[in-house]
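Have the viewer open while you read.

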Amino acid sequence: MLDIRWIRENPQALVDALIKRGSSEVDARSTVDEVLARDEARRAHLTELQQAQARQNAASKEIGKAMAQKDTATAEKLKAEVAELKAFVQQGEARERELDKALNDALAVIPNVPLDDVPVGKDEHDNVEVRRVGEPRRLNAAKEHYEIGEALGLMDFERAAKLSGARFTVLTGQFARLERALGQFMLDLHTTEHGYTEVQVPLLVREEVLFGTNQLPKFEEDLFFVRHGEGRLGLIPTAEVPLTNLAREQIIPADKLPMRYTALTPCFRSEAGSAGKDTRGMLRQHQFYKVELVSITDAESSIAEHERMTECAETVLKRLELPFRTVVLCTGDMGFGARKTYDIEV
């Protein structure tokens with residue numbers, strides 16, 4: 001969530017950023033004007049509330065003086081004023097909570113500001129290739145992964161559907177072993193050579209944890225939830241969610257940075273709205289395994305850390321001798337919470 005102080009001081013910069021992300025100028029200005037109006041209403045109310053609290057405190061002291069001087073009339077008048085101010089402050093605190101929520105609701109749906117070097121564009125066709133490693137093999141009769149898996153009897157979608165419905169897969173034998181081995185290989189690489197600390201994290205997290213990594217409120221329909229007491233917990237869509245939140249609600253000494261974490265976890269996504277060829281086989285699954293990398297660092301080091309992290313991910317493919325290209329996503333194809341995104345396409 002963007003800092004309201006930054007928006008207050010840089011309204012045009014946010015307008016420009018929203019336009020780069022695909023909003024019209026009218027919509028961008030309306031969004032910024034709305035959040036600034038909510039901010040102004042909240043600040044005006046806080047000023048009024050603070051003034052009332054200050055007067056309440058002063059009047060309470062004046063009551064003591066009046067009583068000491070046996071000025072009963074003045075004391076009673078001041079007591080009445082204090083009672084009115086107390087009621088006003090109580091009502092004002094409830095109103096403050098309402099205004100806080102209104103402002104936070106407006107801020108929660110504003111996407112992050114792209115870095116200046118991110119290409120401006122509408123969709124994946126405007127992404128920019130930054131490097132290419134290796135050349136794809138030329139096959140006369142290439143087969144899809146699910147054709148190979150089913151022919152070998154090691155990838156079973158029919159039995160998975162009987163267990164759980166569509167978008168699940170049962171892997172057996174060498175394919176199950178291969179997936180386990182790939183995860184182990186990546187963890188070993190990142191921990192022994194790249195300096196990441198392996199972490200085992202909960203797969204169920206609170207709503208505020210999902211909010212902290214911009215899964216909520218925007219992507220609620222893509223999440224799975226389970227009942228928990230009177231509330232609910234969300235199944236993680238990526239280990240990024242709990243790994244990032246390991247640093248929540250604390251001040252971390254600068255000499256402890258960067259904090260680099262890696263985890264191999266199941267991930268759960270409803271994939272609401274996805275359709276077409278990308279849903280065949282093991283693509284766009286409700287459940288899949290992934291090795292995640294998360295770095296927590298200061299703002300000044302974040303760009304360099306992002307580049308380093310990308311190199312760590314590319315090393316996986318180099319070791320596996322898989323040709324790939326790295327592209328930087330344009331503003332229209334970039335995620336809601338991102339300032340810059342690299343995709344590594346195999």
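Phe-219 has a relative accessible area of 25%, so it counts as partly exposed (buried means under 20%, exposed over 50%, partly exposed in between, with a 1.4 Å probe and protein chains only). Before going on: this is a predicted model, where local features need pLDDT of at least 70 and side-chain atom pairs count only at pLDDT 80 or more, while totals for chains, interfaces and linings use all residues. Residues are numbered from 1 along each chain as its sequence is written, and side-chain values use heavy atoms, with hydrogens and water left out.

What does Phe-219 pair with? Searching the whole structure turns up one aromatic pair, and it joins Phe-219 to Phe-336 in an edge-to-face arrangement, 6.3 Å centre to centre with 85 degrees between the planes. For that term, rings of Phe, Tyr and Trp (its six-membered ring) pair if their centres lie within 6.5 Å; planes under 30 degrees apart count as stacked, over 60 as edge-to-face and the rest as tilted. The two partners come from distant parts of the chain, 117 residues apart: Phe-219 sits in the loop between helix H8 (207-212) and strand E6 (225-228), and Phe-336 in the loop between E10 and E11. Helices (H or I, at least four residues) and strands (E, at least two) are DSSP runs, numbered from the N terminus. Phe-336 is buried, at 12% relative accessible area.

Thr-341 is in the loop between strand E10 (324-328) and strand E11 (342-345). Its relative accessibility is 18%, so Thr-341 is classed as buried. Setting aside residues up to four places away in sequence, Thr-341 touches His-306, Val-327, Val-328, Leu-329 and Met-334, where contact means heavy atoms within 4.5 Å.

Most residues other than glycine have a negative phi, and most peptide bonds are trans.

| Site | Backbone feature | Where |
|---|---|---|
| Leu-216 to Pro-217 | cis peptide bond, omega near 5 degrees | Pro-217: loop between H8 and E6 |
| Leu-257 to Pro-258 | cis peptide bond, omega near -5 degrees | Pro-258: loop between helix H9 (240-245) and strand E8 (259-268) |
| Lys-70 | positive phi of about 60 degrees | loop between H3 and helix H4 (72-108) |
| Glu-249 | positive phi of about 55 degrees | loop between H9 and E8 |

Over in helix H4, Leu-107 is buried, with a relative accessible area of 4%. Beyond its neighbours within four places in sequence, Leu-107 is in contact with Met-1, Leu-2, Ile-4, Ile-7 and Val-35.

Gly-64 is partly exposed, at 40% relative accessible area. Gly-64 and Met-186 are 122 residues apart in sequence, and their C-alpha atoms are 72 Å apart in space.

Zooming out, the protein chain has ten helices and eleven strands. Its radius of gyration is 27 Å, well over the 20 Å that the globule rule gives for 346 residues, so the chain is more spread out than a compact globule. That radius is taken over C-alpha atoms, and the rule is 2.2 Å times the number of residues to the power 0.38. The C-alpha atoms fill a box of roughly 100 × 45 × 45 Å along the principal axes.

How much of the chain counts as buried? Of the 346 residues, 34% do. Among contacts with a separation of 6 or more, 70% come from residues 24 or more positions apart. The accessible surface comes to about 21300 Å², and 50% of that belongs to carbon and sulfur atoms; areas come from the Shrake-Rupley method with a 1.4 Å probe, and for residues only the protein chains shown count as cover.

Finally, charge: the chain has 47 positive and 58 negative side chains, and the centres of the two sets lie 3 Å apart. Lys and Arg count as positive and Asp and Glu as negative, while His and the chain ends are not counted. Each charge is placed at NZ of Lys, CZ of Arg, CG of Asp or CD of Glu.
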